[in-house]
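Hi,

Here is the structure I promised to pass on to you. Have a look at it first, and then read my notes below.

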Amino acid sequence: MKAPRVGIIGIGQSQFKARRSDANYPELVREAVTLAMGDSGRSLDEIEAVVYSLAPDALLGIGNAERLGVDAVGARNKRFMRINTGGSTGISSLAAAHSHIAAGACELVLVAGADKVGECGDSQTILNKIWDPTYERSLPLGTITMLAMSAIRYMHKYGMTQEDMARIVVKNRAHAALNPNAHLRAPTSIDEVMHSRMIAWPIKLFDACPQSSGGCAMVLASEDYIRRNGLEAVWITGVGHSSESYYIGDRMGIGYSADHADAQALGEACSRAYKMAGVTDPVRQIDTAELYSPFSNTEFHAIEAAGLAPLGQSPRMLREEGCFQIGGRNPVNPSGGVLCANAIAVTAMVRVAEAALQVWGRAGAHQVKGAQRAIASGNGGDHQFFGAMVVEA
Amino acid sequence: MGSRTEVGVIGSAVFAPRDPGRMSLEEALHAVTKHALHDAGIGIDDIDGIVVAANDQLDGRAISIMAASGSVGGVGRDILSTPSGSEHAFVLASLRVRSGMYRTQLVVSWSPLEVDSISETQRLSNDPYYHRALPLDDLSSHALQANALEAKVPGLRAAAVQVTVTNRRHGALAYPEYAPAPREAVLIAGGKMLRWPITDAMVSQPAFAAVALVLASDEWISGRGNCKTAWVHGLGWATETAYLGDRDLSRLPSLQAAAAQAYQEAGVDAQAPKFDLAEVADATPYQELVALEGLGLCPRAQWVDAAQRDAFGRDGPTPTNLSGGALSFNPVFCTGLMRIAEAANQTRGCAGAHQLPGVKTAVAHGASGFAMQYNTVVVFGQHSRETTQ
Amino acid sequence: MELMTRIEKWNITYQHALGETASWFFAQIRDHQQIYGRRDPKSGRVLVPPRAFSDETLEATREWVAVGPEGSIECFTIVYEAFNNLPDPPYAFGYVLLKGADTAIGGFFRGLDLHDAAAAAARLAVGTPVITRFAEHRTGDVLDFWFELAP
C-alpha cells in the first residue's frame, strides 16, 4: 500500500550562533515557530498537532524541557508529543509528524524545537553520559572520540587522509558562506584546517562542528489540505529509519554485520526512504543531499550510505572529480551542513528544511540549480540511530 | 469511508521483578520484550518498528533510547522514542500502524529505581528562570491540584479516601504481591501528611516495572488468525500549558479535548459515554476523580456520592482501575502505558485474576507531567470498527 | 539593557544494577585478572564485553570464553583537548580485539609517548598487537585493565 504524500508548507530556522543571550529557551522555539507559520501563511490556531524536537534534556539543563515549550508552539489543549533520538531527533520528529498525517489523524502538524548548546559548559561531559554505565562510562568516550575512531577505521580501510577530511571542511565552509543561517561562514583552506589544533586524533578543531544555539520549525500538511487551500508545497515522498548495535566494539573485530568505519544503518534508512519514493538510481535521481555529518570524516561514509558513491570512493571523487560541491555532481550539504551549524535538538530537522528549500527553489545564494529531488539524513546516539527523508518538488 | 487501517493490541507484558537489583535495566527490557512477543505469538522479525518511552534523568543515561534499543530489538529496525510520556509511545505506534507504512509496532516503556532521589530528578523539570528553587516535584504538583479541587468540591477528602480504598481492594486481587499499601479507610485517612492534603497512604511507593505492548494492523491480524485483540476505536491526546500558575488546577481542559478527539473517532456519544470499564490516571485519588469527570463518566457534583456508593468498584456502574491503578502499583514513568495495557487486556479477555467478565469496550487514560499536564485517551473495543459498522 | 543569567548545576547519583553477567565478568577481572566473553549461539560470535543476550538476535548468550591477554587494535584516538570531568590530555584509548573474542572492548592505551601525534598514531595503527595489563589494586571496573603495545 502506497502511503499518502505529505507536504511541507512552511519552514523557519534561526540564524545559528554560539550564544543567544537575548532569548531564553522557549523564546528561541517561538522565534522558529513564528518564522515557519509566517512562511506557511496559516495561523497557529489551525495547527492540529505538534511534534516537539528535543534531544538530551541535560544539554539544556531542564528535565522534560518540552513541557516549557507548549505555549511557544501554541499547543495548549492540542495534540503534543516530544521525540528524542539523540542527534537524529529533528528528522525523527518529522517522521513522527509524517505518521500523524499519513494515518489520517491530522491534516496540519507543526514540528518545532531549539537548542542552546553553546550555553552548556560541559556538553562533552553530558555526551559522555550517553554511554552505558556497565562497561563504557568509565572511558572518556564522547561524540568526538567515537567518530575519531570511525575516521581511523575508514582511513585504514580505504586510505582516506587528513587532507581528504580537510577538503570536506573547505567545501562546506564555502557553501556556508552563501547561507545566512549558518553559524560558521568563514571560508577556509586545507592548510588552515591542517594547522588547527588537534582535539582527538585525527579530528582537529576545524574538522569539528560548532556548538550552536537556535531553533527550527516546519509545517506539514496533508495533500488534501494543500489542494483545498490552494497552497504551494514540496513533498516528503520517502521516509526511512534504521539503527545499529549500541556497542561500538561489535562494529569491528570478527563477524561484524556493520563496520564502525561505515554507516550501514544509514544506508538501510536511505534504502527504505528511496524505496518508498521510487528512487532506484540515487546518483541520477537525487539532485542534492543534506547529510548529517558533525565531523568532516563522517561526511564520506554518509555520502556512500546515501548511494552517491561506492564504499570508500567518495574522498577520491571529491579530490579528483570535484563531486559533491555546488556546481559539481550530487552536491552535498549546500547549506554548509552540520559542520557549519549544530543546534543538536534541531540539526537533523534543519537538514530536511534545507533539502526542502532546495527543491522549492528557495535556497537563495546556496541554491543548487534545478534541484527537484533531495535526500536528507540525521544521525543519533553513538552513531546508532539514522533517519532519512526524500523531499521532492 | 473506504478501507481505513485499523489498529489492534495483540500482546502485552509487564515485567516487575521482585528484586530489580538482580538484573541490569537492559536485561529487564529484554525480558519484557520477549514476554510481550510471546504473548502476541510472534517473533522479533515480525516487528516493523518500535517506539519506546523513558526519562533520561530517571534512567541515568543521557539518551535513554541508546543502550535500551538493542534490548527491545532495535538493531536493524526503525526505533523512535517519546520521552514526554509512556502514553505517547502508544499514540505514535498506533499512528504508524494506521498510516499503512508499518504492519506492526512494539511499544516499550520503563521506570527504574536507580536514582538516589526521584523527587530531585522531577524538580529538574522546573524552569531555571522562575521556579527551580521551589520544592516542586510531581507529588507537590499533585498536591496543589488536590488543594484546588478541595476548594471547589465540599467533602472531597472523604471521596478521595474512598477511591483509595476501592483501588487498593482491586489491587489486592490484581497484583497482590505488589500492593503493600494500606487498604483500610481508617488507615488511609489517618496517614502521615506528605504534602497537604496528600498523605503517605493516599499514594503508592515507586516501584520498578517495564511494560510492553504489541500493535498490529487489521490486515496483518486477519492474515494470522487467532489473535486476542483489543481494537483501538479512538485515540486522543492533548496538553495543558506548563506553568502551573497559568492554569486553573481545578480543571483539566486538555483531558476534555483528548476525550473529544477519541470519542469522535470511536463514535462514542460525548454527552453520555458508556464503557464496561475504565483505567485512568490515579497517582493520587484526586486524579482519578478529575479523570473520570474529564472522560464524561462522573461529573464533580456526583463525586462524593458516587465514591460513597462504591460506584467505581468492580461491581458498580462505573468499574474503574480494576488493576488497582497507580494507587496500588506505581511504576512512576510508565503508569500511563500500564493503564492502556490494562484496558487492552480486559478487552482481550487476558486480564487474569482481575478480569471483568464480558468486557466489550473499555477506556484508558494516562497522564504525565506536573498536575496532569499531558492527557491521553484510548477507547478499546472487542471488535474492529469495520465489523461493528 | 541588563541581561541576567542564572547558574544551575546537576548533581544526581545513581546506583545501577549490573546484573549477573557483568557482575561475574568484573569479579573475574578483580579476583583473577582474566577477561571473559560470552558466545551468541546463533551467530557464534564471542561478545566482549559479555552480555546476557545478543542485541542482534535477542537470544540468550551461552558459554563463558576466556579471552586475551593478547589482542590487536581495532581503532583508537588520542585526545589532546581538555574536557571537564575527563582526564587531563594527552591520552590514548580505543577498542581492542582480544584473542578468542569476536567483538572489541574499550580501554586506555598506556606506556607510549603521545606528544608527537602523528608518530604516536602510527604506533597505534589498526592491527597493532597489544597486551592487556592489570592494575595491582583492582575494584571490578573497566579501569582495572589497560593495553600496552606488545613487546
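In chain B, the centres of domain 1 and domain 2, taken over C-alpha atoms, are 23 Å apart. This is a predicted model, in which local features need pLDDT of at least 70 and side-chain atom pairs count only at pLDDT 80 or more, while totals for chains, interfaces and linings use all residues. Residues are numbered from 1 along each chain as its sequence is written, chains are lettered from A and ligands numbered from 1 in the order in which they are written, and side-chain values use heavy atoms, with hydrogens and water left out.

Domain 1 of chain B covers 7–113 + 206–224, and domain 2 covers 118–205 + 230–383; the bounds come from an automatic or database domain assignment.

Now to where the two domains of chain B meet. There, 41 residues of domain 1 are in contact with 36 residues of domain 2 (heavy atoms within 4.5 Å). About 3,100 Å² is buried between them, with carbon and sulfur atoms giving 71%; buried area is the accessible area (1.4 Å probe) that two parts lose on being put together, summed over both. On the domain 1 side, V9(B), E87(B) and P206(B) supply 20% of the buried area, more than any other three residues.

Two salt bridges are counted between the domains of chain B (a side-chain nitrogen of Lys or Arg within 4 Å of a carboxyl oxygen of Asp or Glu).

Enjoy exploring!
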